Every structure is written in structure tokens, then in C-alpha cells.
Amino acid sequence: MHALIVVSHPDPESLTHHVARKLAEGVALADEGHTAEIADLAAEGFDPRFTAGDHAAHRKQAPPDADVTREQQRIDRADALVLVYPVYWWSFPGLLKGWIDRVFANGWAYDERDGKLVKRLGHLPVHLVAIGGADPGTYDRHGYFDAMKTQIDHGIFGYCGARVVTSEFLLESDRPDRTVQLEAARDLGRGLFSAVAA
């Protein structure tokens with residue numbers, strides 16, 4: 001099975017990138033022939049701006065741009081989608097949000113037909129790995145866990161029919177010792193496809 005790990009952070013030495021690499025390592029360590037591809041949106045220069053062309057594609061007046069089609073094809077080849085991202089303002093970074101806005105498009109991720117919604121990603125298991133600087137008490141006290149799950153798990157992936165299997169928060173990322181986060185990422189990678197099967 002094949003995992004597409006999408007990472008959104010401009011610094012290749014960030015904890016976010018290290019977590020993505022540990023996840024990929026864990027997938028390979030499962031020793032069952034599984035593979036992982038890391039899609040580094042910043043390094044690849046993905047343009048997150050939703051343009052007039054994207055709007056025309058949404059309205060089915062034009063085909064999607066080639067960069068969007070390439071990303072959709074990458075997801076289509078995957079047996080699981082993993083998003084690894086830092087928490088910016090209690091959500092995705094703009095680069096990842098723009099990727100979602102453009103790639104999870106009408107006609108591919110869902111269809112709006114005659115006032116009815118057809119969810120097209122029911123086959124896609126999704127794993128979300130958020131990297132945050134605050135401690136769990138702060139997230140809990142302010143309701144951020146629930147707010148992010150409502151916005152992202154339900155609002156994006158639920159709308160498209162994709163099943164969020166994992167919604168993991170690796171917190172207190174400012175600590176000098178990142179062993180806990182990296183071990184959690186490797187363990188998540190090792191169990192990724194057993195979680196999908198379950």
C-alpha cells in the first residue's frame with residue numbers, strides 16, 4: 001500500500017519535516033511492502049492562490065489547471081493521505097489551506113448536482129498530524145481540539161466523504177528534546193495501514 005504524506009512548512013529542518021520523514025520511515029518499517037511519498041508543498045513551489053481559473057473549474061466552465069490535476073492524480077495513486085503541518089492561528093498554514101482549496105475541487109472531491117451533494121472520496125482514509133507549540137491544557141481549555149476537528153475533520157474531509165482515521169496533535173514542539181514527537185510519528189507510520197484496514 002502507498003501513503004502520500006503532504007508536508008507544509010518552509011523550513012526543511014523544521015520539526016514538521018522531521019515528523020513527516022519519521023512517518024515515512026515508520027511506513028517502511030512495517031515490513032509489508034508499504035511505500036510512502038513525501039509531497040513537500042513549499043519545496044515543490046505549489047501555488048496556493050485560488051484564481052479565476054480555479055473558480056471557473058469549480059463552476060465546471062473550464063478544466064482544472066495542470067498543477068491541480070497532478071495533485072489529484074497523486075492522491076488517486078495513494079491508499080492513504082497523511083497531512084503533516086504546524087498549527088498556525090489554530091488551523092492549517094495558508095499553503096496547505098490553499099492546496100486543499102484548489103485540489104479538493106468540485107467534480108473531483110465532491111459533486112454538486114441539482115442541489116445535491118455527491119461525496120466522492122469515501123475510499124480515502126486520511127490521517128492528520130498537527131504540530132503545535134502550546135500544551136494540551138491550553139488546547140483543551142480553549143476548545144481548540146474540538147474547533148479544529150470540526151473545521152478540518154468534518155468541514156473539509158467529511159464534506160468530501162473521506163474518513164479521518166487519525167487526528168493527532170503533537171504538542172509542546174518548542175521543547176529542545178523532540179524525541180516524544182518523533183517516536184509518535186514513527187509509530188503512527190508503522191500502524192498506518194493497520195489503522196486503514198480497521
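**Close-up views of a predicted model**

**View 1. Leucine 128 and its neighbours.** Leaving aside residues up to four places away in sequence, leucine 128 touches Leu83, Tyr85, Ile152, Asp153, Phe157, Val164, Thr166, Ser167 and Glu168 (contact means heavy atoms within 4.5 Å). This is a predicted model, in which local features need pLDDT of at least 70 and side-chain atom pairs count only at pLDDT 80 or more, while totals for chains, interfaces and linings use all residues. Residues are numbered from 1 along each chain as its sequence is written, and side-chain values use heavy atoms, with hydrogens and water left out. Leucine 128 sits in strand S6 (residues 125–131); helices (H or I, at least four residues) and strands (E, at least two) are DSSP runs, numbered from the N terminus. With 1% relative accessibility, leucine 128 counts as buried (buried is under 20% relative accessible area, exposed over 50%, partly exposed in between, with a 1.4 Å probe and protein chains only).

View 2. Strand S1 (residues 2–7) is joined to S2 by 6 bridges. Look for valine 7, whose bridge partner in S2 is aspartate 40.

View 3. The structure holds 11 aromatic pairs (rings of Phe, Tyr and Trp, the last by its six-membered ring, pair if their centres lie within 6.5 Å; planes under 30 degrees apart are stacked, over 60 edge-to-face and the rest tilted). In one of them, tryptophan 90 and tyrosine 139 are edge-to-face, at 4.9 Å centre to centre and 80 degrees between the planes. Tryptophan 90 is partly exposed at 29% relative accessibility, whereas tyrosine 139 is buried at 1%.

**View 4. Phenylalanine 104 meets phenylalanine 157.** This edge-to-face pair has 5.7 Å centre to centre and 85 degrees between the planes. Phenylalanine 104 lies in the loop between H5 and strand S4 (110–113) and phenylalanine 157 in helix H7 (residues 144–160), so the pair ties together parts 53 residues apart in sequence.

Notes:
Two strands pair if DSSP finds at least two bridges between them.
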